[in-house]
Amino acid sequence: MRPQIIDRSRDQEFMRLALQLAAEGAALGEVPVGAVLVQHGQVIGSGFNRPIIDSDPSAHAEMVAIRAAATAASNYRLPGSTLYVTLEPCSMCAGLIVHSRVMRVVYGALEPKAGIVQSQGQFFTQGFLNHRVMFEGGVLAEECGQILSEFFKARRAKV
């Protein structure tokens with residue numbers, strides 16, 4: 001099996017799209033996390049956190065983007081795709097990433113409380129998984145962390 005060649009040249013561009021989506025979510029009162037799923041250099045799914053809007057606890061940005069991409073591809077598996085997300089994925093989203101066969105995850109800010117890629121565990125490196133996900137954190141980490149910090153600062157000021 002040949003190793004995958006990873007093109008990192010557009011990582012910041014796609015992360016900026018995810019940041020724009022995070023800002024849309026924040027404007028609607030949702031925790032500002034955005035996600036973009038790219039396959040063959042094209043965005044095929046995108047979304048932002050919307051559990052409040054949708055009354056759906058599973059409506060994390062990653063879930064929304066992957067659902068949209070699977071619908072667009074008419075396939076529940078998304079081989080060769082890269083998911084860009086502004087915040088380190090949680091355990092629910094990490095499981096979805098594996099099951100949908102996303103090839104690579106690129107995230108911005110660490111999630112020290114619930115992040116399962118690096119902060120609270122290394123989920124994608126577990127031997128029991130039937131699919132290996134490549135991952136890279138810290139892309140536009142400052143900007144990704146800042147939008148979250150500003151959101152929660154404003155929320156605390158209202159209380």
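Leaving aside neighbours within four places in sequence, R101 is in contact (heavy atoms within 4.5 Å) with R77, L78, P79, G80, N130 and H131. The structure is a predicted model, in which local features need pLDDT of at least 70 and side-chain atom pairs count only at pLDDT 80 or more, while totals for chains, interfaces and linings use all residues. Residues are numbered from 1 along each chain as its sequence is written, and side-chain values use heavy atoms, with hydrogens and water left out.

R101 sits in the loop between helix 4 (91-99) and strand 4 (104-109); helices (H or I, at least four residues) and strands (E, at least two) are DSSP runs, numbered from the N terminus. R101 is buried, that is, under 20% relative accessible area with a 1.4 Å probe and protein chains only. Even so, R101 has no salt bridge (a side-chain nitrogen of Lys or Arg within 4 Å of a carboxyl oxygen of Asp or Glu). The nearest side chain of opposite charge, E62, is 17 Å away; here Lys and Arg count as positive and Asp and Glu as negative, with His and the chain ends not counted. A polar atom of the R101 side chain does lie 3.4 Å from the backbone oxygen of H99.

Turning to the sheet, five strands form an open sheet in the order 2-1-3-4-5, with mixed pairing (two strands pair if DSSP finds at least two bridges between them). Strand 2 (42-48) and strand 5 (134-136) are at the edges with a single partner strand each, so one side of each has no neighbour in the sheet. Strand 1 (residues 34-39) pairs with strand 3 (residues 81-87) in the antiparallel sense over five bridges, and V38 has T82 of strand 3 as its bridge partner.

Methods:
Buried < 20%, exposed > 50% of the residue type's maximum accessible area, 1.4 Å probe, protein only. Polar contact = N/O pair within 3.5 Å; in protein donor to acceptor, adjacent residues only side chain to side chain.
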